[in-house]
Amino acid sequence: MSKVKAGGSSKNIHNNAGARLGVKRFGGQKVKAGEVIVRQTGSTKIAGEGAYVSRNFTIHAARDGVVKFTKTKKTTFSGASVPRTRVEIVAE
């Protein structure tokens, strides 16, 4: 015989707010220094010229300008090449 009654499963009990991730300023938009361009989990997009990454992988504008997205290949630690999107700030 069992010592403990069947616990069952409970679904849909978590009530957490969304993280509001995603692109905040799109290509061609003007930004000022310090503005958030992309909020992300992990480095799915990488910072290029005129942008920097904060502790939680958020990409910010390092200077005033216009946002530009380009496709690039990044080499991982294991040597594999993975596609990434580079976020750059170009002069107006």
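**Sheets, loops and turns**

Mentor: In this model, 4 strands make an open, antiparallel sheet in the order β1-β3-β6-β5. The model is predicted, so to speak from sequence alone: local features need pLDDT of at least 70, side-chain atom pairs count only at pLDDT 80 or more, and totals for chains, interfaces and linings use all residues. Residues are numbered from 1 along each chain as its sequence is written, and side-chain values use heavy atoms, leaving out hydrogens and water.

Trainee: Which are the edge strands of that sheet?
Mentor: Strands are DSSP runs of E with at least two residues, numbered from the N terminus. Two of them pair if DSSP finds at least two bridges between them. An edge strand here pairs on one side only, and that describes β1 and β5.

Trainee: Which residue in β6 is the bridge partner of Tyr52?
Mentor: β5 and β6 pair in the antiparallel sense over 3 bridges. Across from Tyr52, the partner in β6 is His60.

Trainee: Is Thr58 buried or exposed?
Mentor: Thr58 sits in the loop between β5 and β6. Buried means under 20% relative accessible area, exposed over 50%, and partly exposed in between, with a 1.4 Å probe and protein chains only. Because its relative accessible area is 3%, Thr58 is buried.

Trainee: Which residues does Thr58 touch, leaving aside those up to four places away in sequence?
Mentor: Contact means heavy atoms within 4.5 Å. By that rule, Thr58 touches Val36, Val38, Arg39, Tyr52 and Val53.

Trainee: Where does Phe57 lie, and what is its phi?
Mentor: Phe57 belongs to the loop between β5 (51-53) and β6 (59-61). At 37% relative accessibility, Phe57 is partly exposed. Although Phe57 is not a glycine, its phi is positive, at about 70°.

Trainee: And Arg20, is that residue buried or exposed?
Mentor: Arg20 lies in the segment before β1 (22-23), and its phi is near 55°, positive in a residue other than glycine. Its relative accessibility is 57%, so Arg20 counts as exposed.

Trainee: How many bridges join β7 to β8?
Mentor: β7 covers residues 65-75 and runs antiparallel to β8. One of the pairs places Lys73 with Pro83 in β8. The bridges joining β7 to β8 number 10.

Trainee: Which residue in the turn of the β7 and β8 hairpin has a positive phi?
Mentor: The hairpin has 5 residues between its strands. The residue with a positive phi, about 100°, is Gly79.

Trainee: Which residue in β8 stands opposite Ala47?
Mentor: Strand β4 (residues 45-47) and strand β8 (residues 81-90) run parallel, joined by 3 bridges. Opposite Ala47 stands Val87.
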